[in-house]
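Hi everyone, thanks for making time. I'd like to walk you through one model today, so please have a look at it on the screen.

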Amino acid sequence: MDSLDGTFDGRHFRDVLGNLPTSVVAVTTTRPDGSPAGMIVGTFTSVSLEPPLVSFLADRSSFSFGHIRESGRYCANVLAADQEVLSRKMATGGPAKFDGVEWTRSPMGNPVLAGIVAWVDCDVEKIVELGDHHLAVGRVRDLRVSSPKTPLLFFRGGYGDYFSTTALLLDRLAGF
Ligand SMILES: Cc1cc2nc3c(=O)[nH]c(=O)nc-3n(C[C@H](O)[C@H](O)[C@H](O)COP(=O)(O)O)c2cc1C
């Protein structure tokens, strides 16, 4: 139950905010030995154009965020609609996340996963503690669209694909 004094049941908080569809992004980096690390976030967003800044929020309990903090850089990989299995794998804690996952290195040396829609390579500009999360602001160094695929979405606890009703309307108007 919610109340006006600002105390909320955690389930209720999550259920209401689960109505906000999000992207599914794998934020990746490398460990000192060169091996890949990363986690799935639904909180990646652009922040500023001048200077070019992006951000995501990491739970304080996140193991992989420690690696991003340590390396001082991350790559945001926008997953494609056909990558739900990859998302499930990378959203699970533990060392097996990258087993069988194809990736190459970005210009900054961060893992770029095969088959994604787009990537954004950043230096960690600032980390801000906010409640039980850390806001990780990134200074964008390079970014690319790598395929014309539609993005994977997350909504009310489930995965889905993006479908443009506007494009459909325009097609109808154009007589297709
Ligand atoms: C769709 C989706 C969105 C998520 N968004 C976030 C997020 O924004 N921040 C976060 O800390 N965890 C988020 N998670 C949970 C992490 O991916 C999960 O806790 C992961 O195991 C963290 O990895 P780690 O323990 O190696 O850090 C999300 C999971 C899913 C499936």
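Let me start with a term: two strands pair if DSSP finds at least two bridges between them. Strands themselves (E, at least two residues) and helices (H or I, at least four) are DSSP runs, numbered from the N terminus. One caution before we go on: this is a predicted model, so local features need pLDDT of at least 70, side-chain atom pairs count only at pLDDT 80 or more, and totals for chains, interfaces and linings use all residues. Residues are numbered from 1 along each chain as its sequence is written, and side-chain values use heavy atoms, with hydrogens and water left out.

Now to a pair of strands. Strand E11 (residues 152–155) runs antiparallel to E12, and four bridges join them. Within that pairing, Phe154 stands opposite Tyr159 in E12. In the loop between E11 and E12 you will find Arg156, which has a positive phi of about 50° although it is not a glycine. For background, most residues other than glycine have a negative phi, and most peptide bonds are trans.

E11 and E12 belong to an open sheet of three strands, in the order E1-E11-E12, with antiparallel pairing. Strand E1 (22–23) and strand E12 (158–161) stand at the edges with a single partner strand each, so one side of each has no neighbour in the sheet.

Let's move to another part of the chain. Strand E6 (residues 73–78) pairs with strand E9 (residues 118–130) in the antiparallel sense, over six bridges. There, Val78 has Ala118 in E9 as its bridge partner. E9 also pairs with strand E10 (residues 133–145), again in the antiparallel sense, over 12 bridges. Which residue in E10 is the bridge partner of Val120? That is Leu143. E9 and E10 form a hairpin with two residues between them, and Gly131 in the turn has a positive phi of about 60°.

There is another hairpin, which joins E4 to E5 through four residues. Three bridges join these antiparallel strands, and Thr45 stands opposite Ser55 in E5. The loop between strand E4 (45–48) and E5 holds Pro51, and the peptide bond from Glu50 to Pro51 is cis, with omega near 5°.

Strand E3 (36–41) and strand E5 (53–59) each supply at least two residues of the shell around the ligand. Of the 17 residues around the ligand, Ile40, Thr43, Asp59, Ser62 and Ser64 come nearest; a residue is near a molecule or strand if one of its heavy atoms lies within 4 Å of it. The shell divides into nine nonpolar, six polar and two charged residues. Here Ala, Val, Leu, Ile, Met, Phe, Trp, Tyr, Cys and Pro count as nonpolar, Asp, Glu, Lys and Arg as charged, and the others, Gly among them, as polar.

What about N and O atoms? An N or O atom in the side chain of Lys97 lies 2.8 Å from an oxygen atom of the ligand. On the backbone side, an N or O atom of Gly42 is 2.9 Å from a nitrogen atom of the ligand. The protein covers 78% of the 640 Å² of accessible area that the ligand has on its own (Shrake-Rupley method, 1.4 Å probe).

That's my tour; happy to take questions.

Note on methods
A polar contact is a pair of N or O atoms within 3.5 Å; within protein, one must be able to donate a hydrogen and the other to accept it, and residues adjacent in sequence count only if both atoms are side-chain atoms.
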